[in-house]
Amino acid sequence: MSDSSPDRPAAPVLDVWCELQCPDCRSALDDLRALRARYGDRLDLRLRHFPLEKHKHAFAAAQAAEEALEQGKGWEYVEAVLGRVEELDRKGEPFLIEVARELGLDAEEFDIALIDGRHILIVDADQAEGKAIGVTGTPTYVIDGERLDGGKSQEGLRARIEEIADRLLADGTGA
């Protein structure tokens, strides 16, 4: 999931390997908000899905996030779900549809998307790519080829991401 548009010049890319049922990813929300506020369109912040087997609703949540992106509220949906991880744990897929409804999205279309699996290939591809580059947990960040594991600790990660992004922006190298 990406905020980028094809008309925009290349910006440095920050891939965020995330799982929407992960408490550590919820903890990372403040850093993601701060990065989005600081850089805006100058940093292409991309959510990459890495559902973990230990969370039974994570795969459906990843598909729901893709449906939210398709309906124009990807990050808003991701933040809403991550902010209420416990409810997702308890309620499962009905919670994903409830959040869509709260955000004014087409909840019926969400339900259909979860049934027909139209976003499965995106989620599978993200997960396969994550495994290929060594992602083992969430959140994990990748910027300019450097992998930063946020699952152990978030401490210092935003500063390191900013350092790399600032260097890339100063160099004009973009992605």
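Trainee: Which strands does α8 lie across, and at about what angle does it run to β2?

Mentor: α8 lies across β1 (13-18) and β2, and it runs at about 95° to β2. Axes are lines fitted to C-alpha atoms, for helices over the stretch in contact, and angles run from 0 to 180 degrees between N-to-C directions. Contact means heavy atoms within 4.5 Å. Helices (H or I, at least four residues) and strands (E, at least two) are DSSP runs, numbered from the N terminus.

Trainee: What should I keep in mind about the model?

Mentor: This is a predicted model: local features need pLDDT of at least 70, side-chain atom pairs count only at pLDDT 80 or more, and totals for chains, interfaces and linings use all residues. Residues are numbered from 1 along each chain as its sequence is written, and side-chain values use heavy atoms, with hydrogens and water left out.

Trainee: What does D126 touch?

Mentor: W17, L47, R48 and H49, leaving aside residues up to four places away in sequence.

Trainee: Now the sheet. What is the strand order?

Mentor: β2-β1-β3-β4, in an open sheet of 4 strands with mixed pairing. Two strands pair if DSSP finds at least two bridges between them. The twist averages 20° from one strand to the next.

Trainee: Which strands stand at the edges?

Mentor: β2 (44-49) and β4 (146-149). Each has a single partner strand, so one side of each is left without a neighbour in the sheet.

Trainee: How do β1 and β2 pair?

Mentor: In the parallel sense, over 6 bridges. D15 stands opposite R46 in β2.

Trainee: And how many bridges join β1 to β3?

Mentor: 4, and those two strands run antiparallel. There, V16 stands opposite Y141 in β3.

Trainee: What about β3 and β4, in which sense do they pair?

Mentor: Antiparallel, over 4 bridges, with β3 covering residues 140-143. V142 stands opposite R147 in β4.

Trainee: How many residues of β1 are buried?

Mentor: 6 of its 6. Both faces are covered: V13, D15 and W17 are buried on one side, and L14, V16 and C18 on the other. In a regular strand the side chains alternate between the two faces of the sheet.

Trainee: New topic. How many residues are in the largest nonpolar core?

Mentor: 45, and L14, Y77, L96 and Y141 have the most contacts inside it. A nonpolar core is a set of buried Ala, Val, Leu, Ile, Met, Phe, Trp, Tyr and Cys residues joined through side-chain atoms within 4.5 Å. Helix α4 (residues 74-82) gives the most to this core, 6 residues. A second, separate core of 5 residues includes W17, L52, V135 and V142.

Trainee: What does L96 touch?

Mentor: Among others, A60, A61, A64, Y77, F110 and L114, not counting residues up to four places away in sequence.

Trainee: How many aromatic pairs are there?

Mentor: The structure holds 1. The rings of Y77 and F110 have their centres 5.2 Å apart and their planes at 40°, so the pair is tilted. Rings of Phe, Tyr and Trp (its six-membered ring) pair if their centres lie within 6.5 Å; planes under 30 degrees apart count as stacked, over 60 as edge-to-face and the rest as tilted.

Conventions:
Buried means under 20% relative accessible area, exposed over 50%, partly exposed in between (1.4 Å probe, protein chains only).
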